[in-house]
Amino acid sequence: MLKLKYLTFCLLLLFPVPVNAAQEFKLVNTFGEKGSGEAQFAKTLFMAFGPDGGIYVTDTDNFRVQKFNEMGVFVFDIQMKAESEFRFINPTAIAIGTDSSIYVMDWMFAEISGADLQEAQGPKIFNYGPCIHKFDAHGVFVASYPIQDLSQRIKRLESAAPGLDAEGNYALIIPQGNTKREFLLTTDVHNNLYVCDSDVPNMLIVKLDANGKTVARYSLDQPGAGHIAHPADMAVDKAGNLYVVDEKGHRVLKYDADGKFERAFGRYGDAAGEFIAPFQITALTDGTLLIADTAKYLKDFASTLPKRLDDPTRRYDGDTRLFRYRLRRIQRFTTEGAYTQKLLIPFQREVETDVALQLKGMDGHGNLYYLDPTALRFRKYAPTTSLISSMFQTELKLRYTRDLHDVEIDNQDDLDADLYTKSDFDEQIVQDAAHANLIFSYDLNEAYRLALSNRLTYIRMTDTSYYRARDFEDFRGRFNQDDRATENSWDDRIQLDFTWIRDHSLYNYREARAFAYFTVIRVDFINDALDSFNFRFFDFNANLSDWGAGVHYDLSRTFRLNFEITHFFGENRYTYIDETNVLYATGFQEGDMTRAVLFINGSF
């Protein structure tokens, strides 16, 4: 008959400690929400920043402009009223002058002058073209500046569309180009305005002074500039140089203060100084340029926790849980186009709302403004320097286990009267185990990671055996063989890992990894007879160590090169005293082994 009793207690603690990197960004505040009231927004938004730190947002769908202070507190708004001298038709891009004047890109109607253009009884004829509305620092309307002469008929009357004038009378409206096209707008330190109209041949830049007078017109498509695919943003530095982001060309073009093409920098890629669809540029107050592109990186932290059922990181095999966070990047350049620094913005791990965040603006001090497109809430991130990066991951796993085993054996063939009531052999095993696993992981950037881990295990086991059979007897005498074995063992392993992600693409993911570890194992085992007349005693102890190092290198998407070298060494000693207290045996063993292996894993 065999009876087994088992009891396990397990305590598991996990302490992830995300904290905040040298030249990273910290969340300062949030503001805004969905709606049409104060500090509320609709879907289409444009952003600009004033010299006083003010934040200006054009809300196209709500036909208004709102100003917030640097902490996101509402200051005032600009809306149309019945008595307003301006009309918001499709307000989009916005720029702020050094005197805090507000400039908003829009469209306007301009009645065509000249008696010869229409019959006395005929309908009025209007040009419908792009313009800039100017407001003073308090939001009071100043004037509207068309970016081309709308006083004369530019197109043939056959292109006109029917409409109504201000009095509700029938009128003809001649649109000037594609009315759905987008314009870029920016200002310089002298409050000159720059408008990029990509709908005209050669992509025109119109430069106006602060009073709306056209100062210059020049084309982006100049000799040496190459094909310009899609201007996405532009900025002007302190010297008056204009920088235009070519999103689909994956580069930035520079034009001097006279509008002459000077140079282009950048190419496709996610390495330093390269771009993947750049879409925003800002000239900082320190004289450098910040440029944002759409490059994104995924970083996974491999936990020692069991993998959950809904783990989103399906492209990885294994039973451990992975925590994922995302990195966006912004790069700093000199005004000559020389790359100087990469700024990484790590977002919280596995936060669904962070996936869709959209960068809407960068102010002159390098603050970033991300928009949650679902809640229409802005998040302001400020550059920071800290000792501990938000890309510093830690995990501490503690586990304590107690196992209790009670084994009873009754010999059914001895026909004693104690069958099923008293066992012939009784063994009690108690094992206590404590495990601690500490992991430090630090991402130097989107490609390099250092990790240090320490795995410590302590086990204590006692095994007590009782025999009801007749005491053991040999030529030396008669002895009771009840005994207790006690074992204590320590196992401590320290490992250092360095990982280099060579290609972040999900379809061509490749990495290289180097590691080194050192392990120390200590074992003490004692077996001692319980009866006072039995002197049997066995003592065994071992000191073992091993170290190893290796490299894993992805040769391609499907082939990996592995090289590992390990070295094992150690010694053990034992002493055995028999039942009569005589030294029966003693011994010493020593081992030393080195192993090196090179192999390639692959799939066809």
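# Strand pairing, aromatic pairs and a loop aspartate

User: Which residue in S22 stands opposite leucine 253?

Analyst: Leucine 253 has alanine 264 opposite it in S22. This is a predicted model, in which local features need pLDDT of at least 70 and side-chain atom pairs count only at pLDDT 80 or more, while totals for chains, interfaces and linings use all residues. Residues are numbered from 1 along each chain as its sequence is written, and side-chain values use heavy atoms, with hydrogens and water left out.

User: How many bridges link S21 and S22, and in what sense do they pair?

Analyst: Strand S21 (residues 251-255) pairs with S22 in the antiparallel sense over 4 bridges. Strands are DSSP runs of E, at least two residues, numbered from the N terminus, and two strands pair if DSSP finds at least two bridges between them.

User: What is the order of strands in that sheet?

Analyst: The order is S19-S20-S21-S22, an open sheet of 4 strands with antiparallel pairing. Its edge strands, S19 (231-236) and S22 (261-265), each pair on one side only. From one strand to the next, the twist averages 20°; the axes behind it are lines fitted to C-alpha atoms, with angles running from 0 to 180 degrees between N-to-C directions.

User: What about the sheet that starts with S15: which strands are at its edges?

Analyst: That open sheet of 4 strands runs S15-S16-S17-S18, again with antiparallel pairing. S15 (183-187) and S18 (214-219) are the edge strands. Neighbouring strands are turned by 15° against each other on average, direction ignored. S15 and S16 (residues 193-197) are joined by 5 bridges, and leucine 185 has valine 195 as its bridge partner in S16.

User: Changing topic, how many aromatic pairs are there?

Analyst: The whole structure contains 30 aromatic pairs. Rings of Phe, Tyr and Trp (its six-membered ring) pair if their centres lie within 6.5 Å; planes under 30 degrees apart count as stacked, over 60 as edge-to-face and the rest as tilted. One of the pairs is phenylalanine 525 with phenylalanine 538, edge-to-face at 6.2 Å centre to centre and 65° between the planes.

User: Which strands hold those two phenylalanines?

Analyst: Phenylalanine 525 is in strand S36 (residues 510-529) and phenylalanine 538 in strand S37 (residues 537-554), so the pair ties together parts 13 residues apart in sequence. Phenylalanine 525 is partly exposed, at 22% relative accessibility, as is phenylalanine 538 at 24%. Here buried means under 20% relative accessible area, exposed over 50%, and partly exposed in between (1.4 Å probe, protein chains only).

User: Which ring does the charged end of arginine 493 sit over?

Analyst: The charged end of arginine 493 sits over the ring of tyrosine 517, 3.7 Å from its centre. The criterion is NZ of Lys or CZ of Arg within 6 Å of the ring centre and within 35 degrees of the ring normal.

User: And aspartate 99, where does it lie?

Analyst: Aspartate 99 is in the loop between strand S9 (94-96) and strand S10 (102-111), and is partly exposed at 41% relative accessibility. Its side chain makes a polar contact of 3.0 Å with that of serine 101. A polar contact is a pair of N or O atoms within 3.5 Å; within protein, one must be able to donate a hydrogen and the other to accept it, and residues adjacent in sequence count only if both atoms are side-chain atoms.

User: What does aspartate 99 contact beyond its neighbours within four places in sequence?

Analyst: Aspartate 99 is in contact with Ala137 and Asn191, contact meaning heavy atoms within 4.5 Å.
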